[in-house]
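Hi,

Here is the structure I promised to pass on. Have a look at it first, and my notes follow below.

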Amino acid sequence: MLRVLTDREIEEGAETGRLVSGGVEFAPQPVDLESAIRSAITAFDDGFYFLFVNDVQVETLDTPLPAGDLDALFVRLTPLAGG
């Protein structure tokens with residue numbers, strides 16, 4: 001059976017930044033902020049995701065950011081087998 005997202009589910013997903021098809025829900029888990037930050041920095045340094053700020057790719061963590069409103073886009077990269 002194919003489950004299609006409703007308009008409401010799409011709107012809610014857009015608000016939270018995450019679309020889920022299939023109704024998978026996980027219980028909230030405590031977050032260790034310091035560990036999460038270290039993991040994010042390591043993943044960025046290892047090239048597991050790209051970061052774009054105002055449509056410009058940020059290639060190092062010491063890149064100065066422009067003043068004012070910022071739009072950030074994180075693109076997670078998925079390695080392909082056999083490549």
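Two strands count as paired if DSSP finds at least two bridges between them; helices (H or I, at least four residues) and strands (E, at least two) are DSSP runs, numbered from the N terminus. Please keep in mind that this is a predicted model, where local features need pLDDT of at least 70, side-chain atom pairs count only at pLDDT 80 or more, and totals for chains, interfaces and linings use all residues. Residues are numbered from 1 along each chain as its sequence is written, and side-chain values use heavy atoms, with hydrogens and water left out.

Now the sheet. E1 and E3 run antiparallel and are joined by five bridges, with Tyr49 opposite Arg76 in E3. The open sheet has three strands in the order E2-E1-E3, with antiparallel pairing. E2 (56-58) and E3 (72-76) each have a single partner strand, so one side of each lacks a neighbour in the sheet.

Tyr49 also turns up in the largest nonpolar core, together with Ala43, Phe44, Leu51, Val53 and Val58. Such a core is a set of buried Ala, Val, Leu, Ile, Met, Phe, Trp, Tyr and Cys residues joined through side-chain atoms within 4.5 Å. Buried means under 20% relative accessible area, exposed over 50%, and partly exposed in between (1.4 Å probe, protein chains only). Strand E1 gives the most to this core, three residues.

Is Tyr49 buried or exposed? At 16% relative accessibility, Tyr49 is buried, whereas Phe74, at 54%, is exposed.

Best wishes
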